Amino acid sequence: MIVRRAGEADVAMLAELRGVDGDKLSAYADWVAAHAETHLPFVAEVDGHVVGAAWLHVAQRVPSSESLDRWYGDVQSVKVREEYRNSGIGGALMAAILAEARVRGLLHVTVHSGRRAVDFYLRNGFRHHRQILLWEPTAS
């Protein structure tokens with residue numbers, strides 16, 4: 001298995017893993033190109049085929065008196081093809097994302113997880129945090 005930063009040549013595979021196809025593929029490719037500095041995709045390959053992907057969103061917090069340079073990350077869209085799940089691929093993708101976070105000196109990395117994946121993130125070094133709150137709009 002190889003885990004690496006995805007490039008322009010990987011856009012079709014990234015789109016497929018997200019369920020984006022047909023007439024939306026071009027717009028997806030444009031979005032990936034437009035967000036290349038803030039949304040960093042990583043892919044996992046087995047025998048030359050992309051079998052998983054994960055994204056690290058990098059953003060800057062408002063400067064404080066202690067630091068003007070306050071960058072953080074958010075894990076987004078972790079997908080592993082079903083037949084490759086539970087084989088260490090997701091963990092390898094997370095290791096690559098967290099290594100990138102360390103290299104960039106990010107303050108922290110968050111993830112908004114579905115219920116089924118919470119244990120996966122806990123195994124990969126994430127923890128529950130009492131200060132994360134969520135607001136969602138109510139239906140009108």
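1. In strand β2, 8 of the 8 residues are buried, so β2 is largely enclosed by the rest of the structure. Both of its faces are covered, with H39, P41, V43 and E45 buried on one side and L40, F42, A44 and V46 buried on the other. It should be kept in mind throughout that this is a predicted model.

2. As for the chain as a whole, its secondary structure comes to 4 helices and 5 strands, which follow one another along the sequence in the pattern β-α-α-β-β-β-α-β-α. The chain has 140 residues, of which 34% count as buried, and its C-alpha atoms fill a box of roughly 50 × 40 × 35 Å when this is taken along the principal axes. Where contacts in the chain join residues at least 6 apart in sequence, 59% of them link residues at least 24 apart.

3. The strands form an open sheet of 5 strands in the order β1-β2-β3-β4-β5, and the pairing within it is mixed. At the edges stand β1 (2–5) and β5 (109–111), each of which has a single partner strand, so that one side of each is left without a neighbour in the sheet. Ignoring direction, neighbouring strands of this sheet are turned by 25° against each other on average.

4. V50 has its place in strand β3, which covers residues 49–60. Because its relative accessibility is 7%, and the cut-off for a buried residue is under 20%, V50 counts as buried. Leaving aside residues up to four places away in sequence, V50 touches D10, M13, L17, V43, A44, E45 and R81, and two of the names in that list, V43 and E45, are also among the buried residues on one face of β2. V111, by contrast, lies 61 residues from V50 along the chain, and the C-alpha atoms of V50 and V111 are separated by 23 Å.

5. Helix α1 (residues 11–18) and helix α2 (residues 25–34) pack at an angle of about 110°, with their axes 10 Å apart, and the two helices are therefore roughly perpendicular to each other. The crossing in which α1 passes α2 is right-handed. From α1 the contact draws on V11, A12, L14, A15 and R18, and from α2 on L25, Y28, A29 and V32. Sorted by class, this contact has 8 nonpolar residues, no polar residues and 1 charged residue.

6. A last point concerns G105, which lies in the loop between α3 (89–104) and β5. With a relative accessible area of 51%, G105 is exposed, because the cut-off for that class is over 50%. G105 and L14 are 91 residues apart in sequence, and their C-alpha atoms are 26 Å apart in space; L14 is one of the residues through which α1 makes contact with α2.

Terms used:
Residues are numbered from 1 along each chain as its sequence is written. This is a predicted model: local features need pLDDT of at least 70, side-chain atom pairs count only at pLDDT 80 or more; totals for chains, interfaces and linings use all residues. Side-chain values use heavy atoms; hydrogens and water are left out. Axes are lines fitted to C-alpha atoms, for helices over the stretch in contact, and angles run from 0 to 180 degrees between N-to-C directions. Angles under 35 degrees count as roughly parallel, over 145 as roughly antiparallel, 65 to 115 as roughly perpendicular and the rest as oblique. A crossing is left-handed if the near helix is turned anticlockwise from the far one by less than a right angle, and right-handed if clockwise. Contact means heavy atoms within 4.5 Å. Ala, Val, Leu, Ile, Met, Phe, Trp, Tyr, Cys and Pro count as nonpolar, Asp, Glu, Lys and Arg as charged, and the others, Gly among them, as polar. Two strands pair if DSSP finds at least two bridges between them. Buried means under 20% relative accessible area, exposed over 50%, partly exposed in between (1.4 Å probe, protein chains only).
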